[in-house]
Amino acid sequence: MFKSEWRYLFQHKMMLVVLIAIALIPAIYCFIYLSSMWDTYGKMDDLPVAIVNHDQSVTYHGNHITIGKNLTQNLDKSNSLDFHHVSAKTASRRLRQGKYYMVLTIPKDFSKTATTILTATPQKMNLYFKFNSGQNFIASKMTTGAATAIKAKVSTQVTKLDATVVLKALHQATNGMAKAANGGQSLANGAKKLTTGESQMASGTASMSAGIDKLIAGNNSLISGNTTMTNGFNQLKDHSAALTTGLAQIQTGLTQLAQKTPTLAQGTLKLNQLAQSMQKQLTSGTFNQKQLAAESAALTTGLQSLTSGSQAIDTGSSKLLAGSSALNSGLTTYTNGVNALATGNQAIGHGLDEVQTNLPALQSGTERLSTGTSALANGSQQILQGSQTLSGSLTAAVKKLSVIHTNEENASALATPVHEVTSDIAKIPNNGTGMAPFAIAIGLYVGGIALGTMYEAFLPYKKPRHALTWWASKASVIGSVGLLQAILLNWSLTSGNHLHVVSQGAFFGTILLGSLLFLSLIFCLRLLLGGFGTWLVSIVLVLQLAGSGGLYPTYLVNSFAKAINAWLPMTYLIDALRSLISTHQSIVNNVWIMIALIVGFNLAMILRFRIGLHQSFVEIETNEDDN
């Protein structure tokens, strides 16, 4: 048995080729299918999206802000997606047509709003993202992630801009604080000078006070001496009359003595000369104290001699004695006055000496007082300047920092400055709805493979006379199964999965067309190519999975999958189903293409049936067995 089986295979080479081809199906499937989507996320730079920039530039703190323009330029240069800078009208049209998978719209006040984040009324910066999830559910997830990345990039740019403003304000405030510190240092220096000036002024004031005290003491001594001297002069003045009277009495007495006693004339003459000399000195005020005292003593001695020598002239002598006594009394008083005057002069001298001695100290104190006053004035001026600098710098710093508001709204706006406003022109409620077109197409094709495997579509149960009736007999069965497939699939989707579609009739008709399309393709391959056609049916399935764009957009698959996309029947079925489920685009072109393919495949089968009419039934059966 073992040898007979292998002998048969080697005798029938075509069967061996078929078995080898069947063994290759898993490898071909994995290679073609996985290769088509091997690096889809690495090809996102081929996924077309649109940018519509309405932003208008503004000037903010001396900076020209063009966030919208910068964002557009950066995205154009980026390799994250295939960005196209187009008008709003073009972007909207191509998004509906499925040529763009996302439209990013930048509003005209985008840059202006960025300048409000640190103000009293911060506003969110809105970026408008519009998707077409119905065109491709997986692509919508990719573009949603890209939108989040774009938002983060813009947020970073805006945060950097506002951080620059904050740092600039802080830097300017720091400069103001530095100036304030300099002003404070000037205040300190001025205060130090003020303290030094006050110390010098206090020292000068103390020195001046001590000198004034000593000056007052010398002045008091001077006043006391002047008082003593004045008293002496007064006493001299008071007794000068008595002294003059006494001298006149002596002169009269001597005259009488001279008249009465010639012998005493010479002594009297001398005494008279002495009296005149003393009177002259007293009258002129220029006298010599010692000389005056000596002359007075000589006069007294002479008078005593005259008294003892002449008793005859007793009366004159008595008068002369009385005058002499009066003269002695006046001289004593005069001597006392002179002594008082000398004492007063000495006291005045001491007072003047003390005044002269303390005048340098008084002058030094006055100079210190002047120096201290100048230092005090300079310190006060420096304090004033420092205060003005401090006040001006702090005011400038406050003004610079006043542009920064620190409310909770500002913190929130600074943390998330950009807000993404999303919309979807063909919103998909769930993953099943998004994957439904691809799943429906695969289900219909797998059902076709099963029917092609189980049902004999060529051998008739009665010898056919016409190719058309032969085809019609087989097509009636295949078409009925196809119709039943469409009915059951439509019911399971709408009732079981609650799939929402625009038109139930159009949806069912499209499913029916898809079922008939795949059945026509599968049976056409089998009828024309036999066993190889059956193998090729599996390969076509792999090709359609890879290149129909049911799972990933064709922009993300490899070049081979892109090239075969337009040649695959499943491409048109999937597009039509997407339009009915989500995108709401016209399906007329897709329907006509599917009808054309159905007609073409069936014409090819009719041709095969026509060829079969010229073969005997045995030949046909034999050929079928060989295949």
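1. Overall make-up. Helices (H or I, at least four residues) and strands (E, at least two) are DSSP runs, numbered from the N terminus. The protein chain has 18 helices and seven strands. The model is predicted: local features need pLDDT of at least 70, side-chain atom pairs count only at pLDDT 80 or more, and totals for chains, interfaces and linings use all residues. Residues are numbered from 1 along each chain as its sequence is written, and side-chain values use heavy atoms, with hydrogens and water left out.

2. The protein chain holds 627 residues, and 39% of them are buried. Buried means under 20% relative accessible area, exposed over 50%, and partly exposed in between (1.4 Å probe, protein chains only). A contact is a pair with heavy atoms within 4.5 Å. Among contacts with a separation of 6 or more, 80% join residues 24 or more positions apart.

3. Annotated spans. The unreviewed UniProt entry carries the annotation "transmembrane region" for residues 14-34, 435-455, 475-493, 505-529, 535-557 and 587-607. UniProt positions follow the numbering used here, feature names are shortened, and annotations may be inferred rather than shown by experiment. How much helix does the model put over residues 505-529? That span is 100% helix and 0% strand, with its end C-alpha atoms 36 Å apart. Residues 535-557 are 57% helix and 0% strand.

4. α11 against α16. Helix α11 (residues 431-454) packs on helix α16 (residues 569-583) at about 140 degrees, with the axes 9 Å apart. Axes are lines fitted to C-alpha atoms, for helices over the stretch in contact, and angles run from 0 to 180 degrees between N-to-C directions. The two helices are therefore oblique to each other. Angles under 35 degrees count as roughly parallel, over 145 as roughly antiparallel, 65 to 115 as roughly perpendicular and the rest as oblique. The crossing of α11 and α16 is right-handed. A crossing is left-handed if the near helix is turned anticlockwise from the far one by less than a right angle, and right-handed if clockwise.

5. Residues in that contact. From α11 come Thr-433, Ala-436, Pro-437, Phe-438, Ile-440, Ala-441, Ile-442, Leu-444 and Tyr-445. Facing them in α16 are Met-570, Leu-573, Ile-574, Leu-577, Arg-578 and Ile-581. By class, the contact of α11 with α16 has 13 nonpolar, one polar and one charged residues. Ala, Val, Leu, Ile, Met, Phe, Trp, Tyr, Cys and Pro count as nonpolar, Asp, Glu, Lys and Arg as charged, and the others, Gly among them, as polar.

6. α12 against α17. Helix α12 (residues 467-496) meets helix α17 (residues 588-613) at about 125 degrees, with the axes 8 Å apart. That pair is therefore oblique as well. α12 passes α17 in a right-handed crossing. On the α12 side the contact uses Ala-467, Leu-468, Trp-470, Trp-471 and Lys-474. On the α17 side it uses Asn-602, Met-605, Ile-606, Phe-609, Arg-610, Gly-612 and Leu-613. These divide into eight nonpolar, two polar and two charged residues.

7. α13 against α14. α13 and helix α14 (residues 531-547) pack at about 145 degrees, with their axes 6 Å apart. Their crossing is right-handed. α13 supplies Phe-518, Leu-521, Ile-522, Leu-525, Arg-526 and Leu-529. The α14 residues include Gly-531, Phe-532, Gly-533 and Thr-534. By class, this contact has nine nonpolar, four polar and one charged residues.

8. Thr-510. This residue sits in helix α13 (residues 504-529). Is Thr-510 buried or exposed? Its relative accessibility is 2%, so Thr-510 counts as buried. Leaving aside neighbours within four places in sequence, Thr-510 contacts Leu-573, Ala-576, Leu-577, Leu-580, Ile-587 and Met-594.

9. Leu-541. Leu-541 belongs to helix α14. It is buried, with a relative accessible area of 16%. Leu-541 touches Tyr-445 and Ile-449, not counting residues up to four places away in sequence. Its C-alpha atom is 8.3 Å from that of Ile-442, 99 residues apart along the chain.

10. Backbone to check. His-498 is not a glycine, yet its phi is positive, about 55 degrees. His-498 lies in the loop between α12 and α13 and is exposed at 62% relative accessibility. His-584 also has a positive phi, near 60 degrees. The loop between α16 and α17 holds His-584.
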